[in-house]
Amino acid sequence: MKPVKVGLFGLGTVGTGVVRIVEGHQEDLQSQVGSPIAISKILVKDRSKARSIHIDSSKLTEDPWEIVRDPEIDVIVEVMGGIGNTKEYILEALERGKHIVTANKDLMALHGQEILAKASEKGCDVFYEASVAGGIPIIRTLIEGFSSDRITKIMGIVNGTTNYILTKMSQEGAAYEDVLKEAQALGYAEADPTSDVEGLDAARKMTILATLGFRAKVALEDVDVKGISSVSQQDIRYAQQLGYEVKLLGIAERQDDCISISVQPTMVKKSHPIAAVSGVFNAVYVYGEAVGETMFYGPGAGEMPTATSVVSDLVAVVKNSKLGVNGRQASLSYKEKRLKTDEQIASRFFLLLHVEDRSGVLAQIAQVFSRHEMSIESVMQPAMPDQNVVELLITTHMASKATLNRALAEFEGLPAIRRIKSVYRLES
Ligand SMILES: NC(=O)C1=CN([C@@H]2O[C@H](COP(=O)(O)OP(=O)(O)OC[C@H]3O[C@@H](n4cnc5c(N)ncnc54)[C@H](OP(=O)(O)O)[C@@H]3O)[C@@H](O)[C@H]2O)C=CC1
Ligand SMILES: N[C@@H](CC=O)C(=O)O
Ligand code: NA
């Protein structure tokens with residue numbers, strides 16, 4: 001039986017897992033697709049590097065074109081990352097009729113439309129399940145499982161590294177920098193972990209999810225992004241006192257055909273199932289008009305969970321080849337995209353203010369809220385950082401982002417307010 005030949009781009013965390021699964025589950029895979037699957041060439045940066053698995057060194061190459069131009073190779077599995085050159089290799093491979101499986105959210109969020117269009121033109125498959133929420137089959141769920149519904153909200157923890165960091169900060173009082181190093185050692189973080197901690201990785205994933213869920217061409221620039229580098233132990237403690245957990249949440253919402261997408265540290269009520277998602281685990285909550293509430297949970301990063309999604313995509317490509325239906329992915333972004341304005345984006349908020357400890361200050365603050373028709377839900381005064389300054393913890397009822405920003409601008413100008421220490425969105 002002629003084997004399906006795979007060219008693997010990358011033999012790092014995910015690539016190693018792909019080799020382990022393709023070799024270790026070969027019999028099961030063969031039974032499903034009807035032919036052996038063979039990884040025939042592997043692209044790496046450095047052929048002489050020591051590897052944690054045994055690899056026949058003749059398979060290793062440092063030349064991507066050796067794989068792209070090899071007529072024997074049917075599928076390229078891209079798990080090396082990168083945007084510019086990687087896109088070039090993938091487009092050329094598609095041009096030559098090769099199918100693509102990728103875990104690269106950076107590439108799919110920025111150039112997914114172009115790559116998918118090329119794939120359709122050439123009758124090739126491009127699958128990218130591992131690019132969002134590593135081991136959770138969320139992309140297939142949005143494309144197939146919810147094809148009959150209209151999705152109005154996608155909310156998720158879609159970055160394992162930051163959830164790992166926030167969990168350790170919250171449960172063990174660990175220091176941010178130490179936990180980041182741990183996440184890197186465990187293979188969760190990106191090559192440049194700034195994209196994890198500053199929210200860009202999650203923003204790229206939310207771009208992909210919103211495009212699929214809302215069937216519109218969502219761009220990375222449409223996502224309002226804030227990372228976790230400003231989240232302090234104190235914010236986490238106050239959140240817990242109020243019954244919340246701090247999570248880096250991606251939130252995509254659609255209302256009257258207007259959408260908004262954001263990634264930001266959010267205080268999530270402990271009773272919401274997302275608040276309990278800890279460590280490297282991810283969860284994606286999807287609300288559909290017909291189905292109602294659903295939630296998908298699993299490991300969001302790491303060698304074997306991510307490789308599971310990659311190899312399952314590979315199986316899907318081979319099954320499609322047997323059926324002769326490669327490249328038949330339906331158009332998934334046929335809807336016009338309209339973005340919500342800040343006046344239309346509403347939520348509840350938490351504010352931590354440092355204010356002068358004298359009479360009349362609370363009244364001034366209340367007046368600002370009142371002028372902007374923002375309703376206060378609760379006020380707490382837990383501690384005194386120094387003799388003249390007190391901390392105020394305020395939670396609000398629903399207000400628009402624009403209203404909040406107008407109130408914050410006024411607070412900036414009030415001498416009695418020494419510092420706007422933190423502002424969080426609240427999700428219940
Ligand atoms: N790690 C995870 O949990 C997840 C990762 N992803 C995505 O999967 C991809 C791979 O991630 P990961 O396995 O963690 O990355 P690693 O850094 O562990 O591995 C990257 C691999 O690609 C090779 N490589 C990198 N650049 C080049 C280049 N220019 N030319 C040739 N080879 C190159 C490296 O070679 P060498 O070994 O010689 O250095 C290495 O084998 C990324 O797109 C990432 O975002 C997606 C979901 C989860
Ligand atoms: N760095 C990413 C890896 C998976 O996409 C994460 O931490 O989630
Ligand atoms: Na996934």
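User: Which residues are around ligand 2?
Analyst: Around ligand 2 you find G134, N159, G160, T161, Y188, A189, E190, D196, D201, G300 and A301. A residue counts as near a molecule or strand if its C-beta atom, placed from the backbone, lies within 6 Å of it. Keep in mind that this is a predicted model, where local features need pLDDT of at least 70, side-chain atom pairs count only at pLDDT 80 or more, and totals for chains, interfaces and linings use all residues. Residues are numbered from 1 along each chain as its sequence is written, while chains are lettered from A and ligands numbered from 1 in the order in which they are written.

User: How does the shell around ligand 2 divide into nonpolar, polar and charged?
Analyst: That shell has 3 nonpolar, 5 polar and 3 charged residues. Here Ala, Val, Leu, Ile, Met, Phe, Trp, Tyr, Cys and Pro are nonpolar, Asp, Glu, Lys and Arg are charged, and the others, Gly among them, are polar.

User: E190 is in that list. What does UniProt list it for?
Analyst: UniProt, in an unreviewed entry, lists E190 under "binding site". UniProt positions follow the numbering used here, feature names are shortened, and annotations may be inferred rather than shown by experiment.

User: Where is the place of E190?
Analyst: E190 sits in the loop between helix 8 (176-185) and helix 9 (194-197). Helices (H or I, at least four residues) and strands (E, at least two) are DSSP runs, numbered from the N terminus.

User: Is E190 buried or partly exposed, and what is it in contact with?
Analyst: E190 counts as partly exposed because it has 18 C-beta neighbours inside 10 Å. The cut-offs are 20 or more other C-beta atoms within 10 Å of a residue's own for buried, 12 or fewer for exposed, and in between for partly exposed, with C-beta atoms placed from the backbone. Leaving aside neighbours within four places in sequence, E190 is in contact with S195, D196 and D201. Two residues are in contact if their C-beta atoms, placed from the backbone, lie within 7 Å.

User: Where else does UniProt place a "binding site"?
Analyst: The unreviewed UniProt entry also has that feature at K105. K105 belongs to helix 5 (residues 105-122).

User: Is K105 buried or exposed?
Analyst: K105 is buried, because 27 C-beta neighbours fall inside 10 Å. Apart from neighbours within four places in sequence, its contacts are S131, V132, D201, R204, K205 and I208. D201 is also one of the contacts of E190.

User: Switching over: which residues come nearest to ligand 1?
Analyst: Of the 26 residues around ligand 1, the nearest are G10, G12, M80, G81 and A301. A301 is also among the residues around ligand 2. Helix 1 (residues 13-24) gives the most to the shell around ligand 1, with 3 residues. By class, that shell has 11 nonpolar, 11 polar and 4 charged residues.

User: Which domains is the protein divided into?
Analyst: Besides domain 1 and domain 2, the protein has domain 3 (346-427). The C-alpha centres of domain 1 and domain 2 lie 27 Å apart. Their contact takes 15 residues from domain 1 and 16 residues from domain 2. On the side of domain 1 that touches domain 2, helix 5 and helix 12 (303-323) are the elements giving two or more residues.

User: Nice. How many helices and strands are there in the protein?
Analyst: There are 14 helices and 17 strands. Of the 428 residues, 44% count as buried.

User: What about V361: where is it, and what does it touch?
Analyst: V361 is in helix 13 (residues 361-371). Not counting residues up to four places away in sequence, V361 touches V355, E356 and A416.

Terms used: Domains from an automatic or database assignment.
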